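Welcome! Please take a moment to look over the sequence and the structure below before reading on.

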Amino acid sequence: MGVVIWSNGRLHGPEDLLLSGIDHGLTVGDGVFETCAVYGGTAFALTRHLRRLKRSALGIGLAEPDEDAVREGVAAVLAAAGPDTGRLRITLTGGPGPLGSYRFAPEDQHQSVLVLAGPGARSEVSRVVRVPWVRNERSAVAGLKTTSYAENVVAVAEAYRQGADEALLANTVGELCEGTASNVFVERDGELVTPPLSSGCLAGITRELLLEWSAAAGLPVREAAPGELRYEVLDEVAGGTAHLTMSGSIRNVSPVVSLDGSDVVIGPLSRQAQQLFQARLADDLDP
């Protein structure tokens, strides 16, 4: 199955040329996006994703997206895509702009909106590696889901080179932060703990739901206090005294079975969290 694209009220194929060569999303990465898993032709947690799309757009100074238009695009691509569709992507850019980082005046801005549907492979487990690069928790775009993804491309390429599917990043002060496209949870001392948003990590939708659903189910899953999870906690995982789980819109809740090329054991709480998420997901596709 190929990719189906919606733009400006019409469906297109991947071979169609839809953006100007001076689109600010292309020239300087001036854009935001969301990725949703698709189950049975329905985008999972779409309302939460659209809420975060708005937050990211406003966070980088773009106008609020037209939610009705985006939902129209979502409905169109999902209706046109095949039954094996697994992934939906919504991209909003600043539209045609100057060749530099500054934007046109607001009255001269015309945003570009693309909605795409296509395949989305999933795995129930994750294989991760440590990489030498860091997240800047004080960045102007910390916690925003922007299209400026070059540093993630570099980091995940290194992960794939080492036979893994995700890279683990610290922040500038040595705290455990996140993966390139996922949040991380550490299981130790009978708890499953994820870095706080102050670490610079993205406020992941799967992370958010796992925290909410675990609290309702009585599972000890929580957000860490600032500074509680140092990057060195990964040494405990390597030594077998702690465990890791990754979360993301495509991987859902995915326990880690390999760190830096060596096998590690899935923790019991990590497995329970995975089972809880799958059960709740089946009950409500737009929680």
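This is a predicted model: local features need pLDDT of at least 70, side-chain atom pairs count only at pLDDT 80 or more; totals for chains, interfaces and linings use all residues.

In soluble globular proteins, nonpolar side chains tend to be buried together. With that idea in hand, we can begin with the cores.

**The nonpolar cores**

- How many residues does the largest nonpolar core have? It has 23 residues, and those with the most contacts inside it are L46, V74, V77, L78, L88, I90 and V115.
- Several elements give two or more residues to this core: the strands β1 (4–7), β3 (31–39), β5 (87–93) and β6 (112–118), along with the helices α2 (46–59) and α3 (67–80).

**Strand β14 and its partners**

- Is strand β14 (residues 252–259) largely enclosed or open? Eight of its eight residues are buried, so β14 is largely enclosed by the rest of the structure.
- One partner is strand β7 (residues 126–135), which pairs with β14 in the parallel sense over three bridges. To find this pairing on screen, look for V128, whose bridge partner in β14 is L259.
- Another partner is strand β13 (residues 243–248), which runs antiparallel to β14 and is joined to it by four bridges. Here S247 stands opposite V253 of β14. The link from β13 to β14 is a hairpin through three residues.
- Strand β15 (residues 262–263) pairs with β14 too, in the antiparallel sense and over two bridges. L259 turns up again in this pairing, with S262 of β15 as its bridge partner.
- The hairpin of β14 and β15 has two residues between the strands, and D260 there takes a positive phi near 55°.

**A buried alanine in a loop**

- Where is A242 found? It is in the loop between α6 (233–239) and β13.
- A242 counts as buried because its relative accessibility is 1%, and the cut-off for buried is under 20%.
- Not counting residues up to four places away in sequence, A242 touches V186, E187, R188, E236 and V237.
- For a sense of scale, compare A242 with L46: they are 196 residues apart along the chain, and their C-alpha atoms are separated by 33 Å.

**How α2 packs against two helices**

- At what angle do α2 and α3 pack? The angle is about 135°, and their axes are 12 Å apart. That angle makes α2 oblique to α3.
- The crossing of α2 and α3 is right-handed. On the α2 side the contact is made by L46, T47 and L50, and on the α3 side by E67, V70, R71 and V74.
- α2 also meets helix α5 (residues 205–217), where the two axes come within 10 Å and cross at roughly 125°. That angle makes α2 oblique to α5.
- This crossing of α2 and α5 is right-handed. The residues that meet are R48, H49 and R52 in α2 and I205, E208, L209 and E212 in α5.

Note on methods: Residues are numbered from 1 along each chain as its sequence is written. Side-chain values use heavy atoms; hydrogens and water are left out. A nonpolar core is a set of buried Ala, Val, Leu, Ile, Met, Phe, Trp, Tyr and Cys residues joined through side-chain atoms within 4.5 Å. Buried means under 20% relative accessible area, exposed over 50%, partly exposed in between (1.4 Å probe, protein chains only). Two strands pair if DSSP finds at least two bridges between them. Contact means heavy atoms within 4.5 Å. Axes are lines fitted to C-alpha atoms, for helices over the stretch in contact, and angles run from 0 to 180 degrees between N-to-C directions. Angles under 35 degrees count as roughly parallel, over 145 as roughly antiparallel, 65 to 115 as roughly perpendicular and the rest as oblique. A crossing is left-handed if the near helix is turned anticlockwise from the far one by less than a right angle, and right-handed if clockwise.
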